[in-house]
Amino acid sequence: MTVTLTGLATIVPPTVLHQDEVRDVFAAQEGLTRLGQRLVRTSFGVSGIERRHTVLTELGDRSSDSGDERVFYDPQTGELKSPGTKVRNEIYAEEAGRLYVELGRAALARQEEFAAADVTHVITVSCTGFYAPGPDFVVARDLGLPAGVQRFHLGFMGCYASLPALRLAEQLCRADPEAVVLVISVELCTLHLRTSNDPDTIIATSLFADGGGAALVSARPVGADEPGFELDRFASRVAPDGEDDMAWRIGDHGFEMVLSNAVPAILGRHVTDAVRPLLAPDPELARALDERTAGAVVPHWAVHPGGRSILDKVETALELSEAQLLPARATLRDFGNMSSATVLFVLRHILDSPAAASGDRVIAMAFGPGITVESALLTIRGT
């Protein structure tokens, strides 16, 4: 049985944050120590990001006073405010709900095999907000999905969650060959940015952004020209020494990220062993990993760009070429780290690349709290 992913769509909010401008705003905040200011300038400067997107229009319109209530930024004083978690989550519910529906429509429109009436399951993904009835309900209602559609929400897992969502979708399709699963990830990370002297918070502030991705997964026959991926295998591993270095907790003033500067080194030590179970069933791929030639055998690598130093460590550990990391680095440069949605942007970049050909293998990997490494082996189709 072949399970395919089609209709891969990505969306970002229209408000753009230019990295150098955001850096200057955060560096100018009252209460920052000299060390804090230096950390802000360094973290923003070495991030590998040029621009990000946000649902917070007031952050993109800092020089004018529209008369609307400002809850995150005071344009008169230049002060970044610190609204409570309730305020942040209310914005999430409104903005994320709209993006989930928009992404669902986009995924259906990007392929020709399935209509809304064919969707049997919905899986929504997010770690940046909560509400109930949740986004799975909103998607089913606003897209007019069948009354009996089955709904699942994977919440608060972190940056790796889209790969478990695709794995769940694949398992549902293998259990029911007639299933059509709509998978949607929406992350509004900028709702939780804050000023601080804490190094972990400063690193998170320099990286995270808003965006979403969606796709349809099914074992039903799909036209040979329909672009997408075959979902071959998935694997999950936890780095044994990183539990305290990446975490995501709920605070009184938004969600609080723990992201230590040890994360890249931990991933560099363990990423090879983390993907070993993914390649073990294929002797050629397993041998290539042991001989450090996996980059020569697998042409495309959809690596979650958690940050520039993370990509550097993965590139070195797996001996990948600069070209193989280009989709991840370009995604980081143009969109930042959008948590679980980011790997879908990298896959979209690969699918749109002139270098992609039907039959090419792809290894996707994403990292999150634990430190958890989720990976997938895919095959390009229809390009």
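## Around Cys159

Let's start at one residue. Leaving out residues up to four places away in sequence, Cys159 touches Phe208, His304, Asn337, Ser339, Ser340, Ala366, Phe367, Gly368 and Pro369; contact here means heavy atoms within 4.5 Å. This is a predicted model, in which local features need pLDDT of at least 70, side-chain atom pairs count only at pLDDT 80 or more, and totals for chains, interfaces and linings use all residues. Residues are numbered from 1 along each chain as its sequence is written, and side-chain values use heavy atoms, with hydrogens and water left out.

Cys159 sits in the loop between β7 (150-155) and α6 (162-175). Helices (H or I, at least four residues) and strands (E, at least two) are DSSP runs numbered from the N terminus. Is Cys159 buried or exposed? Its relative accessible area is 8%, so Cys159 is buried; buried means under 20% relative accessible area, exposed over 50% and partly exposed in between, using a 1.4 Å probe and protein chains only. An unreviewed UniProt entry places the feature "active site" at Cys159, though such annotations may be inferred rather than shown by experiment.

## The chain as a whole

The protein chain has 13 helices and 15 strands. With a radius of gyration of 20 Å, close to the 21 Å that the globule rule gives for 383 residues, the chain is as compact as a globular protein of that length. That radius is taken over C-alpha atoms, and the rule is 2.2 Å times the number of residues to the power 0.38. The C-alpha trace spans about 60 × 50 × 35 Å along its principal axes.

Of the 383 residues, 57% count as buried. Among contacts with a separation of 6 or more, 77% link residues 24 or more positions apart.

## The nonpolar core

The largest nonpolar core has 125 residues, and Val217 and Met365 touch the most other members. Helix α4 (residues 85-109) gives this core its largest share, 9 residues. Such a core is a set of buried Ala, Val, Leu, Ile, Met, Phe, Trp, Tyr and Cys residues joined through side-chain atoms within 4.5 Å.

Setting aside neighbours within four places in sequence, the contacts of Met365 include Leu163, Trp301, His304 and Glu374.

## Helix α9

In helix α9 (residues 283-290), Leu285, Ala286, Ala288 and Leu289 are buried. They fall within an arc of 160 degrees seen down the axis, so they line one face of the helix; the arc is that of directions from the helix axis to the C-beta atoms.

The face turned away from this buried side carries the exposed residues Pro283 and Asp290. The buried residues of α9 pack against β10 (228-238), α8 (263-279), α10 (294-297), α11 (308-318) and β15 (372-381).
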